[in-house]
Amino acid sequence: MLAETRFQKRYKLNVCVSIVLFYFLLFSKLSHAIGINLEGVNSFAGVPAGTIRDLEIRGDILYVASENGVFEVVGSESYKLEFNTFSSATGIISDIHLVGSDLWIVEYGVGIFKVDLKSRVAKPFLFEEEWSKSVWAIKDTATHFYFSVIDDVISVEKRTKNVAKLSAHLNFFNLNSAYSLHATKERIYIAAGKGYVKASEDFSEVELYKFSEHLPLITSGTFIKEIDSKLYIGGPEGLYIVGDNKLFVPLEGINGTYVHDVFKADSGEIWVSDGRLLSLTDDELSKPLFMNPILTSESIRTVTKLANGPSGSLLVASSQLGLISLPETMLATNLLSIEDVVLRNNIHTSSVRGSETLVRTEKGVFKLNESTGELLVDQLSSTNDSLCTSWQETLFTKLINKDYDAVCSSGYSHFIDVDKDAFYFYFDDGKKASYFYVKENKIQDIIQAPRGVLQSTLLSGGELAAFDEYDNVHFQLSKFNWRTITASEGSWFGLQCLIELDDSYLVCTSGAGLKVIDKSSGSVSSSPILGNEKLRFIRGAMMSKNRNLWVASNMGLFLKLHESGEVFKLGTRFGILDTDFEYKSFKQLREKILLKGDKYSYLVDEAILIDSLQKSANSRSSVVLSNVKWIENSVEYVTYFPESLEFKFDSSFEGATFNFVINGDKLEEETIEFYLDDGDWISHNKPVLNLSLSDLDTGSHKLYLRTTSPLNAIQSMTISFEIAPPFWASSTAFLIYACLVFLFWWLWRVGLINKFMDRFRSTTLYTHLTRYEITDGHSKFEKMLRSKERFINEIMQELRTPIQLINGSLEKVSDTAKGASKELICVQDNMKRVEHLINQMSQDVPTALNAADYYKLYSLENIRFVVLSLEPLAKQKRQNLEVRIKGKKEVSLISDSLEKILVNLVQNAIKFTPELGTIKVAAVQDSKELKITITDDGEGIDDHLHQKVFERFEKGNTDKDGSGVGLAMVKSLVELN
């Protein structure tokens, strides 16, 4: 390759810095030549790519060789491959090559590396050979590798690693600048500076073809490749196609260009890069008829490599644009341009005039090439009617004897075609407005019209309809009468379109979205035609000649198909780089639709677009399992792009992470859904999914995935994996268990078990093992209960002595004191309760000889005494505890029940009443019942919790400590009494 040849020679001479600076200066100028860019990928895995030199495809995976590394790309994910961990030297990554699951990488100036793509293990190849540092390109056949070292080609046998040089088989021919290699199953082709070589695998047969003798129209070889049994040989001057005959296809002869790549797409089309992207059609190189002038500009000379992308797209590697994907949906779109520069001027009018399509901008009237979108400067009209772009405007101006400027530049003049020879022309001269019916070059009729009409349409019944500058809609009733729907009646403003549908009229508004007027009733309502109520500001709409509805808004471009009723949003994937559009956005031309965006203007081939939409709907984006990581015995394992979707994990399995990526050309519209085993579908609204699984039962599991897209059919994937059980639960263990059981049964049948047990019982070992297990006739559970009872009895016995001492001391204090204080009485009473509880716990079986053992008479003074015994707790929080009683009778209650009820209720009140609060206890007794009421200053309990708090282990709306059994016990005691 010519430019690369110069670069390599200067690299060898260590003056490549000047070349790099030259390229940077050149590209910095070229990058602004168009003022527009496709959404190319210029960085991978967060690393700027620099110049992309090679692309390799392996299934759904793309490998990119660039200045700053080798990257693995699948869908929207990219990973940098580490390969040169053996040397600190760096060079130019000039070539990559896939051989099975191995990726071979050539780093010029460093050496050759082989990366196992499954394990990510990289190894150097023949580092000991001095020539390995000079390798530029690599190819292989079934038995050999071939390496270009620029002035020679080295053959290495795969099995023996025997090395052979091609130069040894060439007689006095200097094989210089051998940058391009191509290998088939049995042959190797080399393009060099003065000719090309065809050789057998082991170089035993070598054929040399000098350009001066065989291909005289090129001076050097920059590319060679066999496609469909034809040899494509490129150079600076053009491309030779050698088959049964020789065909030369010239380039345009621009200095510094040469053939970089020739590629056959999945569609069968041959693409050629000489820096630009060119199509080889009918033995001629031509600019592609889509995305002009972005891909065809004379200023862009940086396309280096071509490859197939997902869903039939074409991948283009460019130093200037990065890696761009051209899906089939872009084939329908061109941008309007003048001299390879995108048109940035507003289009005033456009129309078909005879065999020409004319467009008027502020710079004049141009002839539009509908195939490429080019506005031809040399077709500027210099006549007085240059302001008129249609023959209808020109004819009408002559018929009414007006100046062309007065008619064609007026905002209140337009025409409506009736057939190829007749039309209505609306004209408002500032005094009155009329529709002029013109047929056979004569004005046949004049119809009185509303003033200030901006757009008119001819209805299916032959009547006219229009809207004016005041947003009023007019329908023709007769030659002199019109029915008008005012802007206030329609609740709209800023009308931009009026389109007749089957049973209604569609109206575009700025702010109120799409409206429909019912034909029969005249009622106005919002239109659900696009199924998107968020569209408010409509820039324009058009019904194409194929009855498809186009709508432009400030939220994008929409297309509704007439046959299927499907609605599509058209964005960058369709070559539409604008998200907002001009008012009156559409014009139906002869073959294409003119679309006026906010920044750019487009030509769209509707038929190609709809065909690509249908293909896209039938295509399937694939879900790719990029890697699986799992942990066993605390060691992490990983496998990349596994070929099998069935996995087996060891019994020490701790967890696994599955990484999924959607690979397609509509990633922003696609999501992943999944479920495990018998679960429900879970949606993940991104094209990348990292799914971690852990705490799984042993046995078989299935993970189901599917993609969802508004266009694509659903694509699904099923992953099966099995987690081995621990050895004791494995099938092998159960087999051993069965064998042991059978062995034990056989030994028992033959009497060996009894003999063995008799002998074993006579041993000291048996005595030692069983001396602690000699049973007294009770089960272990009974023994445990007896042990616990003994422990409790021992504690109770130990507590009796200190309690008796305390009680004796309290009696002496009360005898010597002149008057027992409330505190002393409180302590004495509570000590009696403790002694009573100890007596109850120490009794194995409760004894009750008479009713007095179950019931006790309580007076209201007993209530006062129990409550006041809790006053020390209230004083700790500086609370006021008040007791009021009413009545004199006694009441018979279960023994100790009143104390338990009062203590639990008053303690609760103290706990939940803030400091300095007041707690009031009121007791009222009459002939039928005893009623005790406790109130406090606490925050209270929510109404819906009133019943719940009396249930065992339930608490109210509090986070304070408590077991939740106090109020439940109070409720039970009250019910028992």
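**Notes on ring pairs and salt bridges**

1. Let me start with the aromatic cluster. Trp-630, Tyr-637, Phe-647, Phe-649, Phe-653, Phe-658, Phe-660 and Phe-721 are joined into a cluster by ring pairs. Please keep in mind throughout that this is a predicted model.

2. Across the whole structure, the search turns up 40 aromatic pairs. One of them brings together Phe-647 and Phe-649, whose ring centres are 6.4 Å apart with planes at 0°, so this pair counts as stacked. For the angle, the stacked class asks for planes under 30 degrees apart, and for the distance, centres have to lie within 6.5 Å. Phe-647 and Phe-649 are both buried, and both belong to the cluster in point 1.

3. Lys-158 has its charged end over the ring of Phe-145, at 4.9 Å from the ring centre. Lys-519 is found over the face of Tyr-505, with 5.5 Å to the centre of that ring.

4. Now to the charged pairs. Side chains of opposite charge can pair when their charged atoms come close. The count here comes to 20 salt bridges. Among them is the bridge between Lys-264 and Asp-228, where the closest N and O atoms are 2.7 Å apart. Lys-264 belongs to strand E23 (residues 261-264), while Asp-228 is in the loop between strand E19 (223-227) and strand E20 (230-234), so the bridge ties together parts 36 residues apart in sequence. As for accessibility, Lys-264 is partly exposed at 32% relative accessible area, and Asp-228 counts as exposed at 53%.

5. Helix H9 (residues 752-761) holds both members of another pair, Arg-761 and Asp-758, which are three residues apart, or about one turn of the helix. Their side chains meet in a salt bridge at 3.3 Å, N to O. Which of the two classes, exposed or partly exposed, applies to Asp-758? With 51% relative accessibility, Asp-758 counts as exposed, the cut-off being over 50%. Arg-761, with a relative accessible area of 44%, is partly exposed.

6. A network is also present: Glu-252, Asp-274 and Arg-276 are joined into one by salt bridges that share partners. Within this group, Asp-274 and Arg-276 form a salt bridge with their closest N and O atoms 3.0 Å apart. Are these two residues buried or exposed? Both Asp-274 and Arg-276 are buried.

Terms used: Residues numbered from 1 in each chain as written. Predicted model: local features only at pLDDT ≥ 70, side-chain atom pairs only at ≥ 80, totals over all residues. Heavy atoms only, no water. Phe/Tyr/Trp six-rings, centres within 6.5 Å; stacked < 30°, edge-to-face > 60°. Buried < 20%, exposed > 50% of the residue type's maximum accessible area, 1.4 Å probe, protein only. Lys NZ or Arg CZ within 6 Å of the ring centre and 35° of its normal. Salt bridge = Lys/Arg side-chain N within 4 Å of Asp/Glu carboxyl O. Helix = DSSP H or I, 4+ residues; strand = E, 2+ residues; numbered from the N terminus.
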